[in-house]
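Work through the exercises below with the model open. Try each task before you read its solution.

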Amino acid sequence: MTRGDDSRDILMIIPNAAGGGYDQTGREAVKIMEDGDVTGGDFTVDNIEGAGGTNAFTEMVGDAGDEHTMITVGLGVVGSLYSFGNERRLTDATPLAQLISEPEGVLVPGDSPYKTIDDFVEVWSANPGDLAVGGGSSPGGPDHLFPMQLADTVGIDPNDVNYVSYDGGGPLTSALLGSKIDAGFSGLAEFTQQIEDGELRVLAVSGEERQPQPALTDVPTLTESDIDLVFLNWRGVLAPPDISDDRRDELIAYLQEMHDTDAWAAALEQYGWTDDFKTGEDFVEFLEEQDERVSGTLEDLGLL
Amino acid sequence: MDTLNLLFDGLGSAFTPENLMYAAIGVLIGTFVGVLPGIGPAMALALLLPITYGLEVTQSLIMFAGIYYGGMYGGSTTSILLNTPGESASVMTAIEGNKMAKKGRAAQALATAAIGSFVAGTIGTLLVAFFAPTIAKQAVKIGAPSFFAIMLLSLVLVSAVLGSSRLRGFIGLFVGLTIGLVGLDLSTGQARLTGGITQLVDGVDIVVVAVGLFAIGESLWIAAHLRRNPVEVVPVGRPFMGREDWARSWKPWLRGTAIGFPFGALPAGGAETPTFLSYIAEKKLAKNGDEFGHGAIEGVAGPEAANNASAAGMFVPLLALGIPVTATASILLAAMTTYGIVPGPTLMTDQPDLVWTLLASLLIGNTLLLVINLPLAPLWAKLLQIPRPQLYAGILFFASLGAYAVDQNPFDIALLLVFGAVGFAVRRFGIPILPLILGVIIGPLMEVKMREALDISNGDISGLFNEGLAIGIYVIIVLAVVVPIVIDRVRGDAPLAADAQDGTNDKEEVSR
């Protein structure tokens, strides 16, 4: 791909496979920018898989000064950089904007004895090792960090948590439907249908407020249940390091314009994402804070 | 019968000349993209999905089904002709298929693959149509312990394909298992056997290993011997399957379907295990088992049918539970959502017209695939008449393209060359390739299931035995190991003699 300096074309790197969360967010944003001809050029989307996003991020950082590249990242990439022993941090790139955040939920099978998050936490606290909890990410990913932080908050040593890692939402769903594990921790977008059908039950959501989707409006937040934890998965967009300030502002303006469209509002609703748009310094601070939190959790677990 | 009427309604709404044209286009581009090695059905679908947007629902579903089956089938073409499997589920096809092609029987191999895929796909789709909700309910109960037991059973059965020398066979198997260990430890996130190379933390893609061992290894071997040995010209075979080919194919097709479908229907079943279970079953059952390793048509018919039956079975958890079990299924799920199909237990009752149109489209796509590809088989087979140097140049090109296409990562090409060198070495030392590639495929799958089972029980060994099915399979394993020994004792033969006899037929040709 050749993108000369005067070209208006942009490469969007997606750090995981087609169909995953980063892919949905990144492609949706690109589609809206293309449809609205926001940049005056074309987009190329490239899925660079591997090592939980570390490969894609490393490659992007290697293109320092490239003003025609962006990458979609998120909480999972923060953790992966640590768990894959990469020295780089997201702030080494040029942060552009956070696009969305997405609360997670605590899921149990429809016939589970746990009706509320209190039921679950009570049994869990008594014998953390006896309950198998699962998530769709490997250690360091959002579905792993969430139960660990929840355990920490309710006074369970995260080291005692029996976490079973599944390869994404599909296998996690079958484990829950087959009652192979006691609880699952995950974003809820993939589970809407099973929740509506009563095959799965959500004990709590991890956002600051309840979720707007009809199937989830009755589900309390953790804070409502007197558990002082807000856990948000999030996704945003970065550019390579060492690009000019003018270009950075221009790219941020593109994303701002994309964010203000009706199409984006519709996408947020379709995927159940929370509008959580931050740019510039706010986003940089947010990234630093996330970095500290993730590394703290992983350190407690002895995974660093 | 109610279900039957619904299916006919679906077929009726799908069966118009215009729709058939979309199906044909879908099959053609699906096959074309699927033929490129490294581009399996998942990537073919992801690349081609946008084409179906903008059409009305029925038409896009039909075209989509065509792309799906075309992409599935395309992989077997390169496996057979060029020894470069495009995805892990076609690896077994390459083993006998390419041997057949070298003996001038490429057209028969392609035909038995196409018809086998058709038979399996059709039976599989019909089973989905009639039984999806029932099967799905039972399938989620089968968990990691049972999967682990099944894989252990297949490892025990691997001894059937070890070749003439058990020692060399086991060397191959363990080299394969070691390659399968490369990558991140699932529970702790520790990198294993990666030598500090980041690109290796996700493990080694089976396609890269298989293409390296098969295609590159063979090209190097041929290149090293081309000057010394006379060039064996690939004989020009007959263009179509003869009576004997049919007689030898139909049972493997049905057996392959029977083995493949349940695996597809199980969440996390996958297509790899059934393809090689089918291969092993065919080898055991074949009257002239010694032809295996030299191009036995049963070894193509069975695994190809198993592969496609598993692909059809995948619709069971997808439609009835909304669970995508493979990469292909996740893309299918995304596509179905854009077409307004919301999978789940109530799907069949909530949106019968869409579901039946989808199932009817799958049947039509499957049929068109056969209609279009069967006449093409003899044409494809002519490809092998290209002079040796040019042919192998082409194979090297496609192999590299395939390895690159898996992840668009130049590192994989370097890796491909490394496995090419390994492929050359195992040929040089007479180590059979089959157990090696089985180790690469089954090792990681087995580990995932074992870790999951043990994780759930928090490390307690009982986690491996807490399902009835698992215990049943362990009993079979014990019987499979003990019974032959007992029989030998009773007969008064020393077991070793039996082994040697068993092995002489295989000779080392498995590795060539």
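**Exercise 1. A helix and its cover**

Which residues of α8(B) are buried? Then check the length of the helix and find what lies over it.

Solution. The model is predicted, so take every value here as computed from that prediction.

- Step 1: Apply the cut-off. A residue is buried if 20 or more other C-beta atoms lie within 10 Å of its own.
- Step 2: Arg168(B), Gly169(B), Gly172(B), Leu173(B), Gly176(B), Leu177(B), Ile179(B) and Gly180(B) are the buried residues of α8(B).
- Step 3: Find the cover. It includes α7 (144–158), α9 (206–225), α18 (410–428) and α19 (433–456) of chain B.
- Step 4: Helix α8 of chain B runs over residues 166–181, which is 16 residues. At 1.5 Å a residue it should span 22 Å, and its end C-alpha atoms are 22 Å apart, so the two agree.
- Step 5: Look past the end. Gly183(B) follows α8(B) and has a positive phi, near 125°.

**Exercise 2. A helix pair**

Describe how α2(B) and α16(B) pack.

Solution. Two packed helices are described by the angle between their axes and the distance between the axes.

- Step 1: Take the geometry. Helix α2 (residues 17–35) and helix α16 (residues 352–382) of chain B pack at an angle of about 65°, with axes 9 Å apart.
- Step 2: The crossing of α2(B) and α16(B) is right-handed.
- Step 3: Name the contact. α2(B) supplies Ala23(B), Ala24(B), Gly26(B), Val27(B), Leu28(B) and Thr31(B). α16(B) supplies Ile364(B), Gly365(B), Leu368(B), Leu369(B), Ile372(B) and Asn373(B).
- Step 4: Sort by class. The contact of α2(B) with α16(B) has 8 nonpolar, 4 polar and no charged residues.

**Exercise 3. Chain A overall**

How many helices and strands does chain A have?

Solution. 

- Step 1: Chain A has 10 helices and 10 strands.
- Step 2: Its radius of gyration is 19 Å, close to the 19 Å that the globule rule gives for 304 residues, so chain A is as compact as a globular protein of that length.
- Step 3: Buried residues make up 54% of the 304 residues in chain A.

Conventions: Residues numbered from 1 in each chain as written. Chains lettered and ligands numbered in written order. Predicted model: local features only at pLDDT ≥ 70, side-chain atom pairs only at ≥ 80, totals over all residues. Helix = DSSP H or I, 4+ residues; strand = E, 2+ residues; numbered from the N terminus. Expected span 1.5 Å × (residues − 1). Buried ≥ 20, exposed ≤ 12 C-beta atoms within 10 Å, placed from the backbone. Contact = placed C-beta atoms within 7 Å. Axes fitted to C-alpha atoms, helices over the stretch in contact; angles between N-to-C directions. Left-handed = near helix turned anticlockwise from the far one by under 90°. Nonpolar A, V, L, I, M, F, W, Y, C, P; charged D, E, K, R; others polar. Rg over C-alpha atoms; globule rule 2.2 N^0.38 Å.
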